[in-house]
Amino acid sequence: MTDAALSPEKLGAQGTSTEASYQAPQGTWHELRRRPVFLLTGGCALLLLLLAAAPGLFAGWFGHGDPTVCELGHSAEGPAPGHPFGYDVQGCDLYANVIHGAGASLGVGLLATGLGLAVALVLGCLAGMAGRIVDSVIARITDVFLGFPFLLGAIVVLNSFTTRDVPTVAGVLALFGWPTMTRVVRASVRSVREADYVVMARSLGASQWFIVRRHVLPNALTPVLVLATITVGGVIVAEAALTFLGVGLQPPSISWGLQLAGAQNSFQTHPHLLIFPGLFLSFTVFVLITFGDTVRDALDPRGR
Amino acid sequence: MDHTTNHTTAKAPLNDPLDAPLLDVQDLTVDVLSRSGAAQRVVHGVSFTLHEEETLALIGESGSGKSISAMAVMGLLPATTARVGGSARHRGTDLLTLPEDQFRALRGRRIAMVFQDALSALNPTLTVGFQIAETIRAHEGVGRREARARAVELMARVRIPDPALRYRDHPHQFSGGMRQRIMIAMAVALSPDVLIADEPTTALDVTVQAQIMELLAELREETGSALLLITHDLGLAAGTADRVAIMYAGRILEQAPVQELYDRPAHPYTRGLLAAVPRLAGDTDDLTPIPGTPPGPGLLPAGCAFHPRCPDVGERCATQEPMLLPALPDPPARLVACHYPLEVSGAR
Amino acid sequence: MTYLIRRLLEALLVFFGISLVIYAMTYVLPGDPIAALAGDRPLAPSVARALREQHHLDDPLLVQYGHYLAGLFHGDLGTDFSGRSVAEQMADRWPVTLKLALTAWGIEAVVGIGLGVLAALRQGTWTDRTVLAFTIGATSVPVFVLAYTAQVVLGVRLGWFPVAGNTDGWPTSYLLPALCVAAFGLASVSRLVRAEVIENLRADYVRTAVAKGLSRRRVVGVHVLRNSLIPAVTYLAIDLGYLLGGTVIIEGVFNLPGIGQLLFQAIRAHAGPTVVGVSTALILIFLAVSVLVDLLNSLLDPRIRHD
């Protein structure tokens, strides 16, 4: 993965420039429900979540379903009865491993994005609502973190950790993921703040907190949630790439990145080791990005 | 159809073997196509004629179809979003059926247009000088240097101070009035026969409006163009136009020489419009708004489009659409589309 | 001019911020920084002591950061465990990385813009949909999966490209890696250009250009393209910064002896100081490129300069 591919700000590039023009027109939901792409990717996303939350439901469909039961004698063998994806280098069932890998990938993706989103909502509202000084301090800090190419920043930081599990990797990725979302929140907060109905509410004596809760947050939430969906995809790619490089997750975690990293010397002779984890990884990213894109298109009529 | 000659100093048409009018629009229709492919008619058979060197004002509220009619005549409506019917003959040549490359040669050279919002109508990333010179070069095989010299000259003619210096400035560096002058310079660059000005002063301050209208009138005179002025402003039209056509819901309701129309409106809508215009000397108590709002394109009533708001509505109005016909007090210069035109006592 | 100065000041601020973050993450984290630098390797006490001294770890924090900054300004990116300077190790690897990044960049620009314009002008047709499908695919497949797939299919099975290494020189050895590096950016550029062209085609000034009687070729070529390419040029310029630092995985997979491979191998060898040094250099290059991009942009889009 190049850094270019990892940066959520670039994945959202088409969206961040127009965040202020987002509206949540009535009937967006109605319109979305009639879009097959939305239903399809939404359904797939739910399925992936289920897969991540309860891999046991799926892992045992063909064989024993235990990713840790391995027979070295079958090392890197191709698909066989009971083992539709074949065996990995250690002779473990690849299907069970791939199914169980969803948990770590989606876990890192959701946790990192969630953390970043929380920071973004707080800082974005603060920057958008508070005075100039707070705003520019937050803007400069944002600049600093946006100044890091995503992957390189994560490499530097993760390099100094000796144990790297799902929470640590997610935390580090969140460290470089919040700035873009913060900018989006700030921009939408700004545009809502200047809106006539907010000026009106303020002139009627509504408190700052009431305005944030009642007007600003609901309006600022939609665009950043769309960006967050896309960010989850970007974070999953980043985790896989970092793990593949050797600064991401470590065993005994089970993740697609680890499976790809562990097999990198055998791809040429045993392509199934590349195909199955790679396919699941790509499909997950595809589903999340397309889902986010579809929602964004429905919200932003400009693209039509 | 309405060859009125009493209102303008008629001049022998130039190079006109067919003796056809300068611009003759007949039964123009425009259907706007939605994404799902459904058609919505927004212009319902508009006809008007523009003669050499005259100024015709097309007046209407927003949404009355005046701008879209002008765009249709210029061939600026994309085929994917609008369907245009009827004819628009420029010296006998129907523009609407003309092959694109021939139409292109006329656009900007014989028929030019001034748009409403010069800030968005000018390309923000190119210098204004380039944009003027480009028009000249598109139609005449002149070199870069000559086009540039002529552009500077044009900028001087529309009274841009320091034209040679400002040639290299970008649109956002000009004030609204100056930008509109650039638009005008671009439009008159090749002395077109027909100048279409679509709300040329709506985006401007009142004081600047007057200057721009003065400039337009002056340049029209110098170049010998005819002017089709599209506006919602009755006062503006009164000062500039020879004849006026009143549009409502995609139709022309009344058409007459400017003085006659203002003095003795024959259509109840025209009278309503005039009554709603505040006058300097008048009292605001005298203002009478027209009740109701114009219908949206999908909600047209049967019969006369104006009848639900008309104070003089009669029994035929709800069922039968009136045609635009010559009417008293001064046919054939006056055309009215009304079953019950106002009694206008005695011609002058 | 004020814009220039403001932008440079901002960049300086970001530089201090970034170096502080890197410094804090590497040297000030709780725990023994030397152990962290060493990664999983046990260190001999004498080496640890030498390292403590070398990194001024017994001085107050601010002084330490000062030493670190002063080193950065002198191009000192630290030394690895065997005492070789990181900057020196990087020196003779630059040509490889530059060639790879520039090749990828060229592919990204030419193909990305071409596909974007094509899709926009044929909006709604099968051409458009094919380009869209391609861009979605290129965005979804992680680059190392793409790289290995390309290596196995195009290199090993079909034999169209060399599998790895740079023995065939430029361009033969660089084409396939460059394609893989470019895939994501190419997709982004074409989507960006497509959206911009479609929007600009509807702009008022395009209507004016048509009303002036310009040919369609000129309307699209001069008015629409010029304005549509501004965001793409910005993206491409920033992406050059990413590409220079973003060749880590590709150089590792294709075994190209560039900066990226140095980092790739350093991570695997748990050579902490090298990892930090190389990453820092690449991050600083990225920063420099983004400043240049902003200045370039202000030349292209006159509206920025006069804000």
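Predicted model: local features only at pLDDT ≥ 70, side-chain atom pairs only at ≥ 80, totals over all residues.
User: What share of chain B counts as buried, and what share of its contacts joins residues at least 24 apart?

Analyst: Of the 348 residues of chain B, 45% count as buried, the criterion being 20 or more other C-beta atoms within 10 Å. Among contacts in chain B between residues at least 6 apart in sequence, 64% join residues at least 24 apart.

User: Why is B:His172 called partly exposed, and where is its place in chain B?

Analyst: A residue is buried at 20 or more neighbours and exposed at 12 or fewer. B:His172 has 14 C-beta neighbours inside 10 Å, so it counts as partly exposed. The place of B:His172 is in the loop between helix H6 (163–166) and helix H7 (176–188) of chain B. From B:Ile160, B:His172 is 12 residues away in sequence and 15 Å away in space, C-alpha to C-alpha.

User: How do you know which strands are the edges of the open sheet of 4 strands in chain B?

Analyst: The strand order in this open sheet of chain B is E2-E1-E4-E5, with antiparallel pairing. Strands E2 (39–50) and E5 (93–94) of chain B each pair on one side only, and they are the edge strands.

User: Which residues have the most contacts inside the largest nonpolar core, and what does A:Ala154 touch?

Analyst: The largest nonpolar core has 267 residues, and those with the most contacts inside it are A:Ala154, A:Leu173 and C:Ala147. Helix H12 (residues 208–245) of chain A supplies the largest share of this core, 18 residues. Leaving aside residues up to four places away in sequence, A:Ala154 touches A:Val172, A:Leu173, A:Phe176, A:Ala238 and A:Leu242.

User: How many residues of chain A are in contact with chain C, and what is the make-up of that side by class?

Analyst: On chain A, 43 residues are in contact with 53 residues of chain C. The largest share of the side of chain A that touches chain C, 8 residues, comes from H14(A). By class, this side of chain A has 26 nonpolar, 12 polar and 5 charged residues.

User: What makes up the side of chain C that touches chain B?

Analyst: The contact takes 17 residues from chain C and 24 residues from chain B. Helix H10 (204–211), helix H11 (216–245) and helix H15 (302–305) of chain C each supply at least two residues of the side that touches chain B. H10(C) gives the most, with 6 residues. By class, this side of chain C has 5 nonpolar, 6 polar and 6 charged residues.

Note on methods
Residues numbered from 1 in each chain as written. Chains lettered and ligands numbered in written order. Core = buried A, V, L, I, M, F, W, Y, C linked by C-beta atoms within 7 Å. Contact = placed C-beta atoms within 7 Å. Pairing = 2+ DSSP bridges. Nonpolar A, V, L, I, M, F, W, Y, C, P; charged D, E, K, R; others polar.
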